[in-house]
Amino acid sequence: RPNTSMKPGDRSLPIRCVIETALDSGAVQEMESYAIIPCSTFFLDLVGVVLGKLGYSTVQSVVATGHIEVKNWKPLPFNAISDNPQATVGQVLGEVFHLAVLRIKLSRLRWETQVHEPQQETQMQPVAV
């Protein structure tokens with residue numbers, strides 16, 4: 001269960017993120033945005049919390065994967081960054097959030113509506129790959 005409750009005095013961080021969605025045509029659609037995330041959010045919950053803040057459905061966040069990119073570094077999967085399941089976004093990204101990009105890949109799904117309008121709930125059907 002994501003730890004997203006804000007307590008008085010909690011800080012938040014602007015997390016730069018790029019959402020990649022594979023389209024039926026084989027092309028990849030990218031959307032770049034920022035999400036303001038409480039520092040107390042568990043780091044392992046970051047992908048789901050960011051997608052929720054950006055208006056994506058819970059189903060979409062369940063099938064999403066993410067990694068952190070820092071300029072001139074290889075992409076870092078979450079398990080390569082911290083072994084502590086209780087680590088928070090503030091502990092992990094607090095000093096480097098301005099250098100980091102959270103890249104999220106959504107599973108290849110067919111959307112009944114346009115993918116770049118995440119605020120609307122969408123009907124999804126898995127596509128055989």
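1. In what follows, a salt bridge is a side-chain nitrogen of Lys or Arg within 4 Å of a carboxyl oxygen of Asp or Glu. The model is a predicted one, in which local features need pLDDT of at least 70 and side-chain atom pairs count only at pLDDT 80 or more, while totals for chains, interfaces and linings use all residues. Residues are numbered from 1 along each chain as its sequence is written, and side-chain values use heavy atoms, with hydrogens and water left out.

2. The sheet comes before the contacts. Strands (E, at least two residues) are DSSP runs numbered from the N terminus, and two of them pair if DSSP finds at least two bridges between them. On that basis five strands form an open sheet with mixed pairing, in the order S2-S1-S5-S3-S4. Its edges are strand S2 (28-38) and strand S4 (76-77), each of which pairs on one side only.

3. Within this sheet, strand S3 (residues 65-70) runs antiparallel to strand S5 (residues 100-106), the two being paired over six bridges. Ile-68 stands opposite Leu-102 in S5.

4. How many salt bridges does a search of the whole structure find? The search finds four. In one of them the side chains of Arg-16 and Glu-32 meet at 2.6 Å, N to O. Because Arg-16 belongs to strand S1 (residues 12-22) and Glu-32 to strand S2, this pair ties together parts that are 16 residues apart in sequence. Arg-16 has 30% relative accessibility and counts as partly exposed, a class that lies between buried (under 20% relative accessible area) and exposed (over 50%), computed with a 1.4 Å probe on protein chains only.

5. Arg-103 deserves a separate paragraph. Its side chain meets that of Glu-30 in a salt bridge of 3.0 Å, N to O, and since Arg-103 lies in strand S5 and Glu-30 in strand S2, the pair ties together parts that are 73 residues apart in sequence. Arg-103 is buried, with a relative accessible area of 14%.

6. The side chains of Glu-69 and Arg-103 also meet in a salt bridge, at 3.0 Å, N to O. This pair links distant parts of the chain, with Glu-69 in strand S3 and Arg-103 in strand S5, 34 residues apart. Glu-69, at 21% relative accessibility, counts as partly exposed. Through shared partners, salt bridges join Glu-20, Glu-30, Glu-69 and Arg-103 into one network.

Terms used. Helices (H or I, at least four residues) and strands (E, at least two) are DSSP runs, numbered from the N terminus.
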